[in-house]
Amino acid sequence: MAEDFLPLKGIDHVEFYVGNALQAAHFYRMVFGFNIVAYRGLETGEKTRASYVLEQGRVRFVLTTALTPDHEIARHSQLHGDGVKSIAFEVADVEAAMAAVKARGATIVQPVATSRDEQGQVRTGVIRTYGDTVHVFVERRGYGGVFLPGFVRMEVPAPQSAGLAAIDHIVGNVELGAMNHWADFYARVLGFEQLAHFTDEQISTEYTALMSKVMQNGTGKIKFPINEPAEGRKRSQIDEYLEFYHGPGVQHVAMNTRDICATVRVLRGNGVRFLRVPDTYYDRLTERVGHIDEDLAEIRQLGVLVDRDEDGYLLQVFTQPVQDRPTLFYEIIERHGSRGFGVGNFKALFISIEEEQRRRGTL
Ligand code: FE2
């Protein structure tokens, strides 16, 4: 049992480095239903980068781009394409958090720094995690501004909400052989516990093979699965990610909804493309997961996946990658008791793909 020496209040925000933050902000607004709430850039006296803060439910994304070619953000975008740079945790005491993780071997990117404006002050510290990804600790005790000092409120008409409520989990892809190192990092440095371990036997198909360990913090609110590729008959999706991202990074961010059918209808209407689910997936659904409250015809029509474990069931969908490189994508998840990650869907999807092949006589 790991001691919770590092109380994390939750995920404060996720920051993405992108090639064009203004256009990305409108993509997230118009397609995923986020409100654009704050801005920092040339007009606010920031000369080298521009950032937009977006919110939906308790999800907060920050999209940042470089304004100069030799900026670290520009180099990050050139190497990785658009992707997640930082996952920030809210803490009550950033000095204590940074001292604790430093003593446990964290690599410090930025020691505790204070930023101020007329709304108050926020203190942050930054450490490394896999690849070029970092974790930021944010202490915003009583800060009254819109996001962080230096940001100004932005008034942009609200889009139709997609009903996204919170971040459920964030998955990292790491190199072959590195999963245990990073699972150990989260245990040793951040005091996380291992919630689950999926072997390549459990998550392997002819098309994909991967291993995964799910790490979660002391309160169970923050869950980080860590994937590594395993030998498959074809190049796995993890290998493809590592090739196009040029190293480890965030593979997907899963967000909760209370009504996945409504969310998927809005997102499909906005042009979001999801992973295709073979129709045969639904032929064995009731046999596999038993009774669910949702309308099966609608679940099938919208391509929603279902999985069950001893605690209950979950509904999930996966988007296609949201940039030109086949790297970052999103998961939408609705939980009914299950605390799992839909591992049963991998094999079910594979079986249904085989059935389609059998029908075509190509198996
Ligand atoms: Fe997931």
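Mentor: A nonpolar core is a set of buried residues, drawn from Ala, Val, Leu, Ile, Met, Phe, Trp, Tyr and Cys, that are joined through side-chain atoms within 4.5 Å. With that in mind, let us look at this structure, which is a predicted model.

Trainee: Which residues of the largest nonpolar core touch the most other members?

Mentor: The largest core holds 85 residues, and among these Phe16, Tyr28, Phe61, Phe137 and Leu190 touch the most other members.

Trainee: What is Phe61 in contact with, once its neighbours within four places in sequence are left aside?

Mentor: Phe61 is in contact with Val14, Phe16, Tyr28, Phe34, Tyr52, Val53, Leu54, Ile167, Val253, Met255 and Tyr330.

Trainee: What makes S1 and S4 a pair?

Mentor: Two strands count as paired if at least two bridges are found between them, and S1 and S4 (residues 59-66) are joined by four, in the parallel sense. Both belong to an open sheet of nine strands with mixed pairing, in the order S6-S7-S8-S5-S1-S4-S3-S2-S9.

Trainee: Why are S6 and S9 called the edge strands?

Mentor: S6 and S9 (152-153) each pair on one side only, and they are accordingly the edge strands of that sheet.

Trainee: How do you know that strand S10 is largely enclosed by the rest of the structure?

Mentor: Buried means under 20% relative accessible area, and ten of the ten residues of S10 (residues 164-173) are buried, so the strand is largely enclosed. S10 runs antiparallel to S14 (residues 249-257), with eight bridges between them, and Asn173 has Gly249 as its bridge partner in S14. With S13 (residues 223-229), S10 pairs in the parallel sense over two bridges, and Gly172 stands opposite Ile226 of S13.

Trainee: What lines the second largest pocket, and which residues are the closest to its centre?

Mentor: The second largest pocket has a volume of about 640 Å³, and of the 28 residues that line this pocket, Glu15, Arg49, Gln110, Val126 and Val136 are the closest to its centre. Its lining divides into 13 nonpolar, eight polar and seven charged residues. S1 (10-17), H2 (72-80), S5 (83-90), S6 (108-117), S7 (120-128) and S8 (134-139) each supply at least two of the lining residues, and the largest share, five residues, comes from S6.

Key: Residues are numbered from 1 along each chain as its sequence is written. This is a predicted model: local features need pLDDT of at least 70, side-chain atom pairs count only at pLDDT 80 or more; totals for chains, interfaces and linings use all residues. Side-chain values use heavy atoms; hydrogens and water are left out. On a 1 Å grid over the protein atoms alone, a cavity is a set of points where a 1.4 Å probe fits but cannot get out, and a pocket is an open set with protein on both sides within 12 Å along at least five of seven lines; lining residues have an atom within 4 Å of a point. Grid points are joined across faces, edges and corners, and a volume is the space filled by probe spheres set on the points. Ala, Val, Leu, Ile, Met, Phe, Trp, Tyr, Cys and Pro count as nonpolar, Asp, Glu, Lys and Arg as charged, and the others, Gly among them, as polar. Buried means under 20% relative accessible area, exposed over 50%, partly exposed in between (1.4 Å probe, protein chains only). Contact means heavy atoms within 4.5 Å.
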